[in-house]
Amino acid sequence: MNTTPTGERPQIGFFGCRNAGKSSLFNAVTAQQLAVVSDIQGTTTDPVIKNMELLPLGPVTFIDTPGFDDDSGTLGQERVKQAYRILRRCDLALLVCDASRGMTGADKAFYERVQADGIACIVVYNKSDLAAGLPSASGQTGDASAAAVSALHKDGIDTLKERIVQALHRRPPERPIAADLVPRGASVVLVVPIDKAAPKGRLILPQQQTIRDLLDHGDTTVVVRDTELAALLQRMTPDMVITDSQAFAAVAALVPQEIPLTSFSILLARHKGVLDRLVAGARVLDTLRDGDRVLIAEGCTHHRQCEDIGTVKLPAWIRRHSGAEPAFEFSSGTEFPKDITLFRLIIHCGGCMLNAKEMQYRERTAREAGVPMTNYGTAIAHMHGILERSLKPLRLTGAP
């Protein structure tokens, strides 16, 4: 439960107007007093996140959010933005309505937004013990799957959990990271450079995820540093080689052409459903000119090392490839800069800490702003002239 990455967990958000009982319901569903509950409107000012096990589904993440009807000035507007920011990463939205009031105009607007974004939603009428007659969900939203609960008396909570499980089971099956690219029982070499940025005592997340994905498929994984790869290839002929993007050029020179080769970053982009557009974005690297603004974005925050790939290595490769001096800007964490239309290109990290919904949202945001986007692995492969080779193993299975 505790080791499943957040980016691989179904994300379930509690949304609604202030004082609809979102936090009380959040506490009832998680069976813990995690969110502060009060009769004062706007008590929840920041998202409250709880990772837990929801059987028979497995590890999930529940998120309590501020009320989306907060009109208390600038701070209230920021809280509303925070709620909608959480929505874009959710696999399932629980729209919590006060049963004694019925669905408000703000509730209906939120429901329409969720439907337009294609996010699964369950309308939950809380405080049903106070309602003389429960409003008809089908009459107000066209969705007959509404649930009636009382967070105070814990009525209907188990039924709601069952509906959450059912809704998440209806999600499209998740694409594997690499297991569908090789026959069952294959041998796959994973090239993992150990440099100053590598956390001591552990592998970085994309490497861990790929190993587990292949092991679940019954494959043999051999993990090797780039400095020992040549010696390993003299002893075995793997079915595939997957490398860290930083060592792409050196690894490509060592791996025979007949052995499929790709990178963790490219596989992660395919896994999250954005690879085809990131490939198109990489071609912009050929046309960069002096002064073009390039955003290098990361989905998490970490301590930068002296040879950091995002702030040091990638800009150097781009300057050498383009022969130009672009203006680089950097962002990390949950947000792009406010106005991304200023950029000629966005280069994103692999997004291992972001779920597919968030990565797809970021790619769609860039596309709608008319700004091409690529990622580290795709950009590096393109600049080293090995992108087509890196995509070939994926195309053989019908991938982009």
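Ile 346 stands opposite Met 373 in β14. The two strands involved, β13 and β14 (residues 373-375), pair in the parallel sense over three bridges. Two strands count as paired if DSSP finds at least two bridges between them. From β13 the chain crosses through helix α12 (residues 356-368) to β14, and this β-α-β crossover is right-handed. Right-handed means that, with the strands pointing away from the viewer, the path from the first strand over the helix to the second runs clockwise.

This is a predicted model: local features need pLDDT of at least 70, side-chain atom pairs count only at pLDDT 80 or more, and totals for chains, interfaces and linings use all residues. Residues are numbered from 1 along each chain as its sequence is written, and side-chain values use heavy atoms, with hydrogens and water left out.

| Strand | Partner | Direction | Bridges | Facing residues |
|---|---|---|---|---|
| β11 (residues 293-298) | β13 | parallel | four | Ile 296 and Ile 347 |
| β14 (residues 373-375) | β13 | parallel | three | Met 373 and Ile 346 |

Which way do the side chains of β13 (residues 345-348) point? Leu 345 and Ile 347 point one way, Ile 346 and His 348 the other. In a regular strand the side chains alternate between the two faces of the sheet. All four residues are buried, meaning under 20% relative accessible area with a 1.4 Å probe, protein chains only.

Now the whole protein. It has 14 helices and 14 strands. These are DSSP runs: H or I of at least four residues for helices, E of at least two for strands, numbered from the N terminus. Buried residues make up 52% of the 400 residues.

Key: Buried < 20%, exposed > 50% of the residue type's maximum accessible area, 1.4 Å probe, protein only.
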